[in-house]
4 protein chains.
Amino acid sequence: MIPTASRGGKQIEIMNAAIRVFSKHGFDGAKMEYIAKEAGIGKGTVYEYFKSKYSLFEEILKYSVDQYRLGLKQSIDNGQTTEEKILNCSRFNTQFLNNHMDFVHIAMQVKILSEDIRHHHIAAQSVIIEYYKEMIKGAKDKGEVRSDLDEELAACCIIGTLDQFCKQRIFLDPRPLDDIDHQAIVDVVIRGLR
Amino acid sequence: MIPTASRGGKQIEIMNAAIRVFSKHGFDGAKMEYIAKEAGIGKGTVYEYFKSKYSLFEEILKYSVDQYRLGLKQSIDNGQTTEEKILNCSRFNTQFLNNHMDFVHIAMQVKILSEDIRHHHIAAQSVIIEYYKEMIKGAKDKGEVRSDLDEELAACCIIGTLDQFCKQRIFLDPRPLDDIDHQAIVDVVIRGLR
Amino acid sequence: MIPTASRGGKQIEIMNAAIRVFSKHGFDGAKMEYIAKEAGIGKGTVYEYFKSKYSLFEEILKYSVDQYRLGLKQSIDNGQTTEEKILNCSRFNTQFLNNHMDFVHIAMQVKILSEDIRHHHIAAQSVIIEYYKEMIKGAKDKGEVRSDLDEELAACCIIGTLDQFCKQRIFLDPRPLDDIDHQAIVDVVIRGLR
Amino acid sequence: MIPTASRGGKQIEIMNAAIRVFSKHGFDGAKMEYIAKEAGIGKGTVYEYFKSKYSLFEEILKYSVDQYRLGLKQSIDNGQTTEEKILNCSRFNTQFLNNHMDFVHIAMQVKILSEDIRHHHIAAQSVIIEYYKEMIKGAKDKGEVRSDLDEELAACCIIGTLDQFCKQRIFLDPRPLDDIDHQAIVDVVIRGLR
DNA sequence: CATGAATGAGGATTCATTCAT
DNA sequence: GATGAATGAATCCTCATTCAT
């Protein structure tokens, strides 16, 4: 195995190639040969950086989930008002899911994952929910949302609506993603149906 | 192959066994032998009813999607007010996803599916969105929701929130599903965050 | 198993159906279901008359070889002169091989056959050669062929030429079989090339 | 797949091993594992060189048929007189069929072959017949055979007699092949029975 | 007697992984 | 370090055979 020092660069390259291949073919459909070819290296070289297909998958999963969590955190932190925060999340969500949607779905077959990665995954999800809950808590303090709002359910509503919107746009709607009216989505979440 | 007349019963039995096995192991992890054993029959018998593992999967997918669509339709139709309709959907959603969640996730790897099944799947999704949009339209007429509400986005919000809630309860929350406060969820959707 | 008394008729029916199917698909390609369907009976019924696919094949082989041997014997016996005898053989050969050629080829994979059937087959071949050798012997006595002719080689020449002619006509030549000039073939055999 | 440059050697090795196994067990009886073992390689390696059992079979068939055709051409070309040419053919035929007889028989189940290979096979047969016809034509010019001889039938007679002789020696006669009196066979063909 | 639904042994094929170069 | 030819374990599927009806 290669000393950890110089590994970083190529490791990331392989992971990015693998994300594309896993997304296109699913876990079992993704042959190591495809991944190597996509990364522009030999089949054997992948094994210098990852000890098995499965561990490569798990590394990617962790990596992606962390990327997602961090991006979301930043989206929230960068917004001034709660509305702006959610707006940022909507934009980031669309962008991220557009690139990783398939991978996310593969990842959801949580049943096939190891305990270790499963915990990581669930933990990350929980952390994301916490981010939102804290955001709501802050919004309550600033009086931007009603004070009797259940924070868990609010988080649910935001996450669910944003995700569902992405799904519909990506799977059902042929239009490009750049003309999305994020403001309108956020409006529905904030104002509700009534 | 067995005449279509008498096939129905055993076909359904196999499909139900297969849903369990697919859910537990994923598509590629689900060996035909497991499925046969789960259905209490011999391996070869599965092939009397489905011409391949893949087509078995597709049949199940169609079947599940249709079951879901029909259940949702009924949930909406059985409610008097819009609030009650959404409440019904929430209950049905929780119940259905609890039994099929894993399968639904496997199914979402839409990329690996045939054109035919993919169209069926997308079509069913579209129909479901239509159900909700029509519900919103009716609600507008009755003045239960504001008249400037975008129907598509409203559907997004309802579907997304209900689904996300289920996911959180099923994956992250160890509590049983029967003490869910569906009313609270619906409240958030209807009143929004503010 | 069915009492041998009334078996004869249906047994022959099955064998004839099986010859057609074996000829069309080869031994391993011929499914018992095809054979049953071709004979217009149920799959299980075939097993009432033959204890296995393999033994069915062997029975057919014996049957066909015997049919061929008998037909050839008759062809020889029915001719007055040697030339006429060979002429009859040529006609019978063409007719028989046209119906059984593929089966004959399948049968030639002697290696896969049991010792028993192999001996029967080889014995029948030997008997056929004997028929021809006796014919030649008779012809020598009548002065129709030269007296220094090797009987074995003469048989070889007759059998080989007639068979090869059939093969060419059946495999390479699209013309129907009824306008064959058997006299010309026999001439070549009798007069030689010179 | 391995680059075509360096494939040649091992490909031929596998084909030769496969000829032995196909000859011994027939097409369906020949397990890929046997073939691999016979070639002294792993099962998977065969698939690096041939995409399926069937295509391996077809490649062998083409290869064998071409080998046969070329050997026969040379036999004819190397003879001075027509008699010598046929003599050469008889020797080559015996030698080749002794090594390939079983495979040739398997190959004759032309019905199961693909259109492509079938055409190749039939074409090769036709070419062989042409070789003989041209030989006869030349013999006519040199006055070695009578001028009214039908070339097609003459070819038939030569091919058939030589093949039939081989069959008899290989299948029915326990004697070794080296004491064959090829001259006697050729005599019968050239002088005829009379 | 006849049937055909059910069975499971058997074999072609795939692909993650190894290791000699 | 990098490679890709070789490997064989693992699995889908076929079909001869059985046996309950």
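This briefing walks through the chains of the model and how they pair up.

The model is predicted, so here are the ground rules: local features need pLDDT of at least 70, side-chain atom pairs count only at pLDDT 80 or more, and totals for chains, interfaces and linings use all residues. Residues are numbered from 1 along each chain as its sequence is written, chains are lettered from A and ligands numbered from 1 in the order in which they are written, and side-chain values use heavy atoms, with hydrogens and water left out. Chain B sits against chain A through 52 residues on each side, and chain C meets chain D with 52 residues from each. Contact here means heavy atoms within 4.5 Å.

**Chain A on its own**

- Chain A has 8 helices and 0 strands, where helices (H or I, at least four residues) and strands (E, at least two) are DSSP runs numbered from the N terminus.
- Reading along the sequence of chain A gives the pattern α-α-α-α-α-α-α-α.
- Taken along the principal axes, the C-alpha atoms of chain A fill a box of roughly 60 × 35 × 30 Å.

**What the UniProt record marks**

- An unreviewed UniProt entry puts "domain: HTH tetR-type" at residues 8–68 of chain A; its positions are in the numbering used here, feature names are shortened, and annotations may be inferred rather than shown by experiment.
- Residues 8–68 of chain A come out as 79% helix and 0% strand, with the end C-alpha atoms 20 Å apart.
- The unreviewed UniProt entry also lists a "DNA-binding region" at residues 31–50 of chain A.
- That stretch, residues 31–50 of chain A, is 70% helix and 0% strand, and its end C-alpha atoms lie 14 Å apart.

**Chain B with chain A**

- Chain B and chain A bury about 4,500 Å² between them, and carbon and sulfur atoms give 62% of that. Buried area is the accessible area (1.4 Å probe) that two parts lose on being put together, summed over both.
- On the chain B side, R146(B), L193(B) and R194(B) supply 18% of the area buried against chain A, more than any other three residues.
- There are 2 salt bridges between chain B and chain A, each a side-chain nitrogen of Lys or Arg within 4 Å of a carboxyl oxygen of Asp or Glu.
- R191(A) makes a salt bridge with D148(B), with the closest N and O atoms 3.8 Å apart.
- The rule finds 10 residue pairs in polar contact across this interface of chain B and chain A (both at pLDDT 80 or more). A polar contact is a pair of N or O atoms within 3.5 Å; within protein, one must be able to donate a hydrogen and the other to accept it, and residues adjacent in sequence count only if both atoms are side-chain atoms.
- Elements giving two or more residues to the side of chain B that touches chain A are helix 1 (4–25), helix 5 (82–107), helix 6 (115–141), helix 7 (151–172) and helix 8 (182–191) of chain B.
- Helix 7 of chain B gives the most to that side, with 16 residues.
- The side of chain B that touches chain A splits into 26 nonpolar, 12 polar and 14 charged residues. Ala, Val, Leu, Ile, Met, Phe, Trp, Tyr, Cys and Pro count as nonpolar, Asp, Glu, Lys and Arg as charged, and the others, Gly among them, as polar.

**Chain C with chain D**

- Chain C superposes on chain D by a rotation of 180° with 0.0 Å of shift along its axis (RMSD 0.1 Å).
- These two copies are thus related as by a two-fold rotation axis.
- The same surface serves both copies, with 100% of the contact residues of chain C recurring in chain D.
- Chain C and chain D bury about 4,500 Å², 63% of it on carbon and sulfur atoms.
- D148(C) pairs with R191(D) in a salt bridge, the closest N and O atoms being 3.7 Å apart.

**Between the pairs**

- Chain B and chain C do not touch, and their nearest C-alpha atoms are 12 Å apart.
- No contact joins chain A and chain C either, with their closest C-alpha atoms 31 Å apart.

Technical notes. Copies are superposed by least squares on the C-alpha atoms of residues with pLDDT of at least 70 in both.
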